[in-house]
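Dear colleague,

Please find the structure below.

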Amino acid sequence: MNIREKILIVEDEKSISHFISTILNSNGYETIQARTGAEAMSMLSSHCPDLVILDLGLPDMDGLEVLNSLRSWSSLPVVVVSARSHEHDKVGALDLGADDYLTKPFGTAELLARVRTAIRHTRTTSDNDEIAQRGTYTVGDLTIDYNKHQVLVRGENVHLTLSEFRIVALLGKYAGKVLTYDYIIKELWGPRAGGDNQILRVNMANIRRKIEKNPAEPEYLFTEVGVGYRLAEGE
Amino acid sequence: MQSSKHRSPFFSFSARDFAVTAGILACAIELCVILSIADSIDGFAYPIFVLAVLLVSRLTTGYFFGILAALFSVIGINYIFTYPYWAFNFTLSGYPLTFLTMLCVSLITCTMTTKLKQQERIRAESEKEKMRANLLRSVSHDIRTPLTSIVGVTSTLLETPNLPIAEQRQLLEDARDEAQWLIRVVENLLSITRIGDARAQITKQPEVVEEILGEVVQKFRKRFPDVSIRVAAPSDLLFVPMDAILIEQVLSNLLENAVIHGETTTNILLSVHQEGKYACFSVQDNGKGIPPKELPTLFDGSMKRNETPAGDGKRNMGLGLSVCMAIVRAHSGTMEAKNMGAGAEFSFLLPLSEEELK
């Protein structure tokens, strides 16, 4: 049996912490629990967990502070779990470096999927495993060829423009993860690109028309309204 | 937010009120000057300024400008229009009476105006209060049933340890379904807090409609995997100004209603098309349709559970639909429901550009 991943659950509600821990244990993860921000900080350095599940409403400090200070020294994956459901809360946490954001209430299947995705992304240095080895990323009928700068659907090259390819390539690199509008814009057009996401929206709409059968029923490119975009993750 | 708008009635100061006051007093002075040139008798200044004070008190908010106008008038009349002209003479007989008259006119008019405005506000507020009370009643009702079931299921499981596994499972599934129902009620309530009060503007941003439809359908399929749903969006890129989260809520509610209240629904068509200066969103199902006598009162949330015959175990769609209506209204849109040949259609229009809103 291989080494079990250790997950730190930072959550002050006993019942929630308990059920998260139970479901993770039964799926082969080891868990440790912290109830306060301060406790979480000390456990982070003493236990070296592989992933953190972080609630934002902690009794002693805001979870975002924990995230912020963690990000100053570590790129450990963090899945934020919060009752705050407004888009700007999500965008705020993601831009601070959270790997994912789950709004309470959430299902166990969803939690496990997000945890799996977040852990997979740290296994290899920072990039997608498949891309590192083969230079391609495949999900369903969609293949992104990073060497040839091509995107293939059912083996056919869909002719993307340069910025369209760069968007798809970026989403592919972090497949399964939501990338915020701001993040994509900064990665593509530099840190001084304006905050207007209209150009990105138009680009995305064009990509959808080239890749998806029905742009209103996407199979690959998903929108998280008000937050950003996510590319489907292969099994 | 409410409190910031709610200023003290005595010292509310606005540029508009100041301009009104200055304008009316200037007119009064002008009129007196013209009259004094045309006719050299004294005395017309008083009635004109009393009228001016009355107008100022009526047209401005609070007491401040009315009293200011009264003071100004008394001093002005004394200075300009009574002998000695262009000089003060506070020893004039009847002077205190003039002053008192002006002050009384001003105070009485201000009080009446303020009261009138207060009453209007109270009426608007009580209407909103009534709506809120209706909503609360319907929500509490909606919440009680699933809670009863959840508490019942969990205590049953705790107290009867040797229940067959299959039965335990059935009970737990029921509890989960009920909890999920509660989640949706709470989501609707959250939407209402997002709309805020009637005067507050929602924040609209141009959104690509297919992105909204895509997300809604994805969530719908997770919840109702057995119902087939088709989506039709315009092939051209269509931006519609909206609060995306709220519109998603509207569409989710309509889709959910199509399944739950359509009862026999197996097919749903979710479509958007452009209709002149509007985007038309529509949800069509092949269920059993809307009972004709419920059609007229469908959106006002007044439908009571006990009025629907026999269906009392079923949740009313009052909350979901009134939330839809409130959201569409907040977008300056319109909404309608009708029965089709087979099933029902709910559709709503959203204006395509901000200018249409005015």
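Axes are lines fitted to C-alpha atoms, for helices over the stretch in contact, and angles run from 0 to 180 degrees between N-to-C directions. Helices (H or I, at least four residues) and strands (E, at least two) are DSSP runs, numbered from the N terminus. This is a predicted model, in which local features need pLDDT of at least 70, side-chain atom pairs count only at pLDDT 80 or more, and totals for chains, interfaces and linings use all residues. Residues are numbered from 1 along each chain as its sequence is written, while chains are lettered from A and ligands numbered from 1 in the order in which they are written.

In chain B, helices H4 (residues 64-81) and H5 (residues 95-159) pack at an angle of about 160°, and their axes are 9 Å apart. H4(B) and H5(B) are therefore roughly antiparallel (an angle over 145 degrees). Residues making this contact (C-beta atoms, placed from the backbone, within 7 Å) include Gly66(B) and Ala70(B) of H4(B), and Phe99(B) and Leu103(B) of H5(B).

In chain A, helix H4 (residues 87-95) has Lys90(A), Val91(A), Ala93(A) and Leu94(A) buried (20 or more other C-beta atoms within 10 Å of the residue's own). Seen down the axis of H4(A), the buried residues fall within an arc of 165°, so they line one face of the helix; the arc is that of the directions from the helix axis to the C-beta atoms. Just after H4(A), Gly97(A) has a positive phi of about 115°.

Between the chains, 16 residues of chain A are in contact with 17 residues of chain B. On the chain A side, H9(A) gives the most, with 4 residues.

Yours sincerely

Terms used. Parallel < 35°, antiparallel > 145°, perpendicular 65-115°, else oblique. Contact = placed C-beta atoms within 7 Å. Buried ≥ 20, exposed ≤ 12 C-beta atoms within 10 Å, placed from the backbone.
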